[in-house]
Amino acid sequence: MATSQMTASLRNLPAFERFQPSTLRFPSLGHVRIGTLTQTSPSLVVKAATVVTPKHTTVKPLGERVLVKIKDAEEKTAGGILLPTTAQSKPQGGEVVAVGEGKSIGKNNVDISVKTGAQVVYSKYAGTEVEFNGSKHLILRDDDIIGILETDEVKDLKPLNDRVLIKVADAEEKTAGGLLLTEATKEKPSIGTVIAVGPGPLDEEGNRKPLSITPGNTVLYSKFAGNDFKGKDDSNYIALRASEIMAILS
């Protein structure tokens, strides 16, 4: 097809009206005839920049909250076997690095029950994890701290508030009919001996109300209550609230 015929055909198509040859006047160039399309420059792709959060050097907890530096997870088992990252248990302990100003109950102001520098154990899923200065920390409420543990022995745990530390009774290894039970089928015991008790809960005036349970008591507690711990002597321990103990056995 001749150039003149192609131009005539395009003029009859509405979709190509904006591409018709036209004459433009430029003051310095006179008449310029544009009959072809020029290729535009490649598009400039702009990617959103990643916003980097400023590094904070201090975090001050407010009210009844506590800031705890999380203890590193164990990378080896007691027998020296190296654990992969997925198998490392989440640590439940750390060092208190800052405390809030406490809370008001009635007319009294109640201070935080732990001091800076204390080694504490806390509930497994408590608090909000934050990271600064290259270390992981946890902001949690004072009441989420189970107790103070200054040694590596679980039996030395000092429970806080209304919590109680119990040494769990051994599970039965045989059924009533004499059948030997495997570890997977052993019933989780809900009976144990009280090792230590906390100072008690706060009443409406902010005063401590002593617990009626004392060390040495054999107790029956709710089956799925509390936080489980393994002692160095392979004994099982559990820390729970006094309200989760159902009865004292004698």
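Let's start with the open sheet. Seven strands form it, in the order β8-β9-β3-β4-β7-β10-β11, and the pairing is antiparallel. The edge strands are β8 and β11, each pairing on one side only. Two strands count as paired here if DSSP finds at least two bridges between them. Strands are DSSP runs of E with at least two residues, helices are runs of H or I with at least four, and numbering goes from the N terminus.

A word on the model. It is predicted, so local features need pLDDT of at least 70 and side-chain atom pairs count only at pLDDT 80 or more, while totals for chains, interfaces and linings use all residues. Residues are numbered from 1 along each chain as its sequence is written, and side-chain values use heavy atoms, with hydrogens and water left out.

Strand β8 covers residues 128–132, and strand β9 covers residues 135–141. They run antiparallel, joined by 5 bridges. E129 has L138 as its bridge partner in β9. F132 stands opposite S135.

Strand β7, residues 119–122, pairs with strand β10, residues 145–148. That pairing is antiparallel too, over 3 bridges. V120 sits opposite I148 in β10. Then β10 pairs with strand β11, residues 158–159, over 2 bridges, again antiparallel. There I148 stands opposite K158. So much for the strand pairs.

Next, salt bridges. How many does the structure hold? There are 5, counting a side-chain nitrogen of Lys or Arg within 4 Å of a carboxyl oxygen of Asp or Glu. I'll take three of them.

One is R141 with E64, at 3.3 Å, N to O. This pair links distant parts of the chain: R141 is in strand β9, and E64 is in the loop between β2 (30–34) and β3 (65–70), 77 residues apart. For burial, I use relative accessible area: buried is under 20%, exposed is over 50%, and partly exposed is in between, with a 1.4 Å probe and protein chains only. R141 is at 36%, so it counts as partly exposed. E64 is partly exposed as well, at 21%. E64, R141 and K103 are linked in a network of salt bridges.

Another is D152 with K232, where the closest N and O atoms are 3.9 Å apart. D152 lies in the loop between β10 and β11, and K232 in the loop between β15 (227–230) and β16 (236–241), so the pair ties together parts 80 residues apart in sequence. Both D152 and K232 are exposed.

Then D162 with R241, at 2.8 Å, N to O. Here D162 is in the loop between β11 and β12 (163–168), R241 is in strand β16, and 79 residues separate them. Buried or exposed, what is D162? Buried, because its relative accessibility is 14%. R241 is partly exposed, at 22%.

On to the cores. A nonpolar core is a set of buried Ala, Val, Leu, Ile, Met, Phe, Trp, Tyr and Cys residues joined through side-chain atoms within 4.5 Å. The largest has 15 residues. Those with the most contacts inside it are V66, V68, V96, V114, V120, L140 and I145. β3, β7, β9 and β10 are the elements that give it two or more residues. The largest share, 3 residues, comes from β3.

Take V96 up close. Setting aside residues up to four places away in sequence, V96 touches V66, L67, V68, V114, K115, T116, G117, A118 and V120. Contact means heavy atoms within 4.5 Å.

Last, the whole protein. Its secondary structure comes to 1 helix and 17 strands. Of its 250 residues, 28% are buried. Among contacts with a separation of 6 or more, 59% join residues 24 or more positions apart. The accessible surface is about 17600 Å², with 54% of it belonging to carbon and sulfur atoms. Areas come from the Shrake-Rupley method with a 1.4 Å probe; for residues, only the protein chains shown count as cover.
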